[in-house]
Amino acid sequence: MPKVTYIQPDGAEITLDARDGDSVMETAVKNGVRGIVAECGGACACATCHVFVDEAFAATVGEPGDLEDDMLDGAASDRQPTSRLSCQIKMSADLDGLVVRIAPEQV
Amino acid sequence: MSDVLIVGAGQAGMQIAVSLRDNGFEGRIELVGEEPHGPYQRPPLSKAFLHGSADIETLELRAPSFYVDNKIVMVPDEKVVSIDLSGERGLAVTDTGREIHFDKLALATGSTPRRLPIEGADLDGVLYLRGIADAVELKNRWDAAASVVVIGGGFIGLEVAAGARMDGKQVTVLEAADRLIARAVSPETSEFYRAAHERRGTSVRLSAKISRIVGDGTKVTGVELDGGEVVPADIVMVGIGVIARGELAEQLGLETVNGAIVVNEFAETSDPRVIAAGDAVLLPHPLGGDAQVRLESVQNAVDQAKTAAKTLAGVREPYRAVPWFWSDQADLKLQIGGLSTGYDQTVVRGTPDDESFSVLYYRDGRLIAIDSVNAVSDYMAVRKALGSGSTIPAELAHNLETPLKTLVVDS
């Protein structure tokens, strides 16, 4: 199972095994990682699962889609170059070892 | 130390449990739900789940280990049938005869689909959609069904209708009112959805008067309208709203209105030992004012549950939130921010026929809500504005040249 590491705004880290095909958001929420709110459950409708993707993985993870791009513009924390909504990143072997920082404000 | 019993293991019930722990509550937490599953997401049931792109495990709100790790006793498949608050400690009894003793009670009993009170409504193939069991039943019949009649042109019905059309079925939506989603959106948005569903091949019949559902003795075959016309149907999906489940609250003598449990801004019921949250409650408008509202949404279930948990943990913080809602129908993403109740003016931004536009709602010149269809930037700008108590001048809002977020001003 691919691993994903979440870094909280205060620096605390947790690494989880993700189910292949589950999103970075789902993996976090199901295991109770704080700071990933994800009220819409992954419908790309709420922008409350905002993360900053670690530079080393930015190219592999890729750019947000148009809809996600617009959502990120209005996210509670200002977007950064590697901002993504974690519900739109599906875990796979390619992303094993992924590191994301959780945006400080989600709602 | 005290023990909390949470009745109802949906989105709100689960969030109360989670937020109790987040607030440092160390007492025992028992979460009892009558469905055979742990807490799960309902919104995908009318969309991704129906089309096979989400299984039950995907729908789980938390992994089973989460409840163990957080010392939340999660009891599925058991129904609380009576509660007694007359003693020093509360006592609940379930349908298995089990007794649960507790100090504080949270009701997150949710709602149940309103049933269609007409002849033929009990025929096989007349379906409702609320829980996984309903969705499984619908899904099991889905592939074999060539024609679907949806009774009720609200969100659930239209989401199912859109999915049925995408799967090539013949689809008719029967709505009793003279427009779709009449309870939640303006006539402009209603008319857009009528046209958009028609463009996708669905027959939308407004002001429809249904006389009965017809069948071959056991199975549904169609829906008969006043005047005798029969619309053929292999499946009839009924989505005519929900009723708050206030049975236990009524049994406890709590204040209810049409079954909805009345709560204050701290999610307290008329008995301060009992809090309630989610679809089952009638609450003060979460942006202030005198109005009492029912909010059947994930956002409200989650945010109000957080308030309820704080109250239980001894942190008094009134519920304040910008209500928001979404509905995905085919490739149309509707996002609603704020509550339009009581609006006296609307501004349409963009052209509905382009399938990307917004309707902004105003009351006394002040922005109160937005419906956005495939117009995410508008929606996000308004949600932020409402959250910070700001507004957007009505006379400027229609101008597509100017992004809404640049028009936000203090009010």
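Predicted model: local features only at pLDDT ≥ 70, side-chain atom pairs only at ≥ 80, totals over all residues.
A salt bridge here is a side-chain nitrogen of Lys or Arg within 4 Å of a carboxyl oxygen of Asp or Glu. Side-chain values use heavy atoms, with hydrogens and water left out; residues are numbered from 1 along each chain as its sequence is written, chains are lettered from A and ligands numbered from 1 in the order in which they are written.

**Interface between chains B and A**

- The size of an interface is often given as the accessible area lost when the parts come together.
- Chain B and chain A bury about 2,000 Å² between them. Of this area, 50% is on carbon and sulfur atoms. Buried area is the accessible area (1.4 Å probe) that two parts lose on being put together, summed over both.
- Chain B gives 28 residues to the contact and chain A gives 24. Contact means heavy atoms within 4.5 Å.
- Eleven residue pairs between chain B and chain A are in polar contact, both residues at pLDDT 80 or more. A polar contact is a pair of N or O atoms within 3.5 Å; within protein, one must be able to donate a hydrogen and the other to accept it, and residues adjacent in sequence count only if both atoms are side-chain atoms.
- On the side of chain B that touches chain A, the elements giving two or more residues are α2, α3 (64-69), α8 (298-312), β23 (324-329), β24 (332-338) and α9 (376-387) of chain B. Helices (H or I, at least four residues) and strands (E, at least two) are DSSP runs, numbered from the N terminus.
- α9(B) gives the most to that side, with six residues.
- The residues on that side divide into ten nonpolar, six polar and twelve charged. Ala, Val, Leu, Ile, Met, Phe, Trp, Tyr, Cys and Pro count as nonpolar, Asp, Glu, Lys and Arg as charged, and the others, Gly among them, as polar.

- Arg19(A) and Glu57(B) meet through their side chains in a salt bridge (3.1 Å, N to O).
- Arg19(A) lies in the loop between β2 (13-17) and α1 (24-30) of chain A, and Glu57(B) in helix α2 (residues 56-59) of chain B, so the pair joins two chains.
- Arg19(A) is partly exposed at 28% relative accessible area. Glu57(B) is partly exposed too, at 41%. Buried means under 20% relative accessible area, exposed over 50%, partly exposed in between (1.4 Å probe, protein chains only).

**Salt bridges within chain B**

- Arg194(B) and Glu191(B) form a salt bridge at 2.8 Å, N to O. Both lie in helix α6 (residues 187-199) of chain B, three residues apart, about one turn of the helix.
- Arg194(B) is partly exposed at 25%, and Glu191(B) is partly exposed at 40%.
- Arg200(B) forms a salt bridge with Glu355(B), with the closest N and O atoms 2.7 Å apart.
- This pair links distant parts of the chain, 155 residues apart. Arg200(B) is in the loop between α6 and β12 (203-205), and Glu355(B) in the loop between β25 (345-351) and β26 (356-363).
- Arg200(B) is partly exposed at 25%, whereas Glu355(B) is buried at 17%.
- Shared partners join Arg199(B), Arg200(B), Asp331(B), Asp353(B) and Glu355(B) into one salt-bridge network.

**Strand β3 of chain A**

- In a regular strand the side chains alternate between the two faces of the sheet.
- Strand β3 (residues 50-53) of chain A is covered on both faces. His50(A) and Phe52(A) on one side, and Val51(A) and Val53(A) on the other, are all buried.
- β3(A) pairs antiparallel with strand β4 (residues 83-85) over three bridges. Two strands pair if DSSP finds at least two bridges between them. Val51(A) stands opposite Arg84(A) in β4(A).
- β3(A) also runs antiparallel to strand β5 (residues 98-102) of chain A, joined by three bridges. There, Arg101(A) is the bridge partner of Phe52(A).

**Two buried residues of chain B**

- Ile235(B), in strand β16 (residues 235-238), is buried at 1%. Ile235(B) and Ala145(B) are 90 residues apart in sequence and 6.5 Å apart in space, C-alpha to C-alpha.
- Ser2(B), in the segment before β1 (4-7), is buried at 16%.
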